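Here's a quick briefing on how a protein chain packs together. Have a look at the sequence and the model, then read on.

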Amino acid sequence: MPLTPEQEWIIAACGLIAHADGEFSPGESDQVLAMLDEHLSAEEHARWLVLLGDHDALRTAFAELPPPLPAFTEPLLEKAWTMALADGNAGPAEIQELERIAESIGIDPGDLADWRRHWTEHARELAEHIATFAALLIHHDGAIDPEEQRRFSELLARLPLTDNRRERLAHDLRARPPSLDHVGATLASLPRERRLTVLRAIAPLVPASSQADLGRAFFLDLARAAAISAEQATRLLGQP
């Protein structure tokens with residue numbers, strides 16, 4: 001199924017944000033495409049990978065896209081801001097690019113600033129959920145392997161949290177696993193897009209365990225509790 005104009009706009013805008021700092025890695029292409037709750041066809045995936053790797057072509061393609069409908073403007077720009085926070089904090093280049101994108105579709109700078117504050121609060125709330133679920137996953141088999149510890153630390157470093165909060169979470173969540181009942185209820189209560197974001201963020205921790213099969217089964221159980229299909233959860237794990 002072809003992408004909608006809004007979905008194409010998300011990819012192009014997020015791609016421009018990812019290019020803003022002058023560096024663009026292959027892994028960032030995957031991050032951009034993950035902004036869509038869609039399983040792209042092989043042809044569509046390949047087409048966007050090529051376009052995302054060419055900054056000039058991407059900017060041209062973005063300029064040719066129709067502007068989003070007013071009802072979609074704020075949530076689509078929030079996707080772009082989420083991309084800006086992918087490494088934990090948005091730098092001046094990402095902020096400037098977001099402002100340029102917003103200006104191109106007629107958004108008032110004051111409105112954008114208010115939205116950004118609101119989006120950042122949401123992002124921090126989601127980061128707390130991601131950290132908690134990641135801790136649950138690395139504790140699931142009763143031991144934290146060195147590779148799990150490393151990936152958990154890297155994940156925390158990428159979350160949009162203050163340094164003090166990140167250090168506190170790292171200490172507390174390594175020392176004592178969160179309650180499965182509480183965490184499961186929390187996951188089920190989140191909007192679907194946020195459930196997917198949490199699962200996508202913690203999926204790389206699964207193969208880090210020396211008991212990856214148990215981790216995979218536990219991950220699929222979490223996905224099931226979150227009302228995410230086994231097929232989609234398996235895709236998040238990057239497995240056929």
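Which residues of the largest nonpolar core touch the most other members? They are Ile-130, Phe-152, Leu-159, Leu-199, Ile-202, Leu-205 and Phe-219, out of 39 residues in that core. Keep in mind that this is a predicted model, where local features need pLDDT of at least 70 and side-chain atom pairs count only at pLDDT 80 or more, while totals for chains, interfaces and linings use all residues. Residues are numbered from 1 along each chain as its sequence is written, and side-chain values use heavy atoms, with hydrogens and water left out.

**The cores**

- A nonpolar core here is a set of buried Ala, Val, Leu, Ile, Met, Phe, Trp, Tyr and Cys residues joined through side-chain atoms within 4.5 Å; "buried" is under 20% relative accessible area, "exposed" is over 50%, and "partly exposed" is in between (1.4 Å probe, protein chains only).
- Leaving out residues up to four places away in sequence, Leu-199 touches (heavy atoms within 4.5 Å) Phe-219, Leu-222, Ala-223, Ala-226, Ile-228 and Leu-236.
- Another core, of 36 residues, lies apart from the largest one, and Ile-10, Met-83, Leu-85 and Ala-102 are among its members.

**A residue in H8**

- Ser-153 sits in helix H8, and it counts as partly exposed because its relative accessibility is 29%.

**H7 and its packing partners**

- H5 (residues 70-84) and H7 pack at about 60°, with axes 10 Å apart; axes are lines fitted to C-alpha atoms over the stretch in contact, and angles run from 0 to 180 degrees between N-to-C directions.
- That angle makes H5 and H7 oblique to each other, since under 35 degrees is roughly parallel, over 145 roughly antiparallel, 65 to 115 roughly perpendicular and the rest oblique.
- On the H5 side, Thr-73, Glu-74, Leu-77, Glu-78 and Trp-81 make the contact, and on the H7 side the residues include Trp-115, Arg-116 and Trp-119.
- H7 and H10 pack at about 135°, with axes 11 Å apart, so H7 is oblique to H10 as well.
- Here the contact joins His-129, Thr-132, Phe-133 and Leu-136 of H7 to Leu-180, Val-183, Thr-186 and Leu-187 of H10.

How values were computed: Helices (H or I, at least four residues) and strands (E, at least two) are DSSP runs, numbered from the N terminus.
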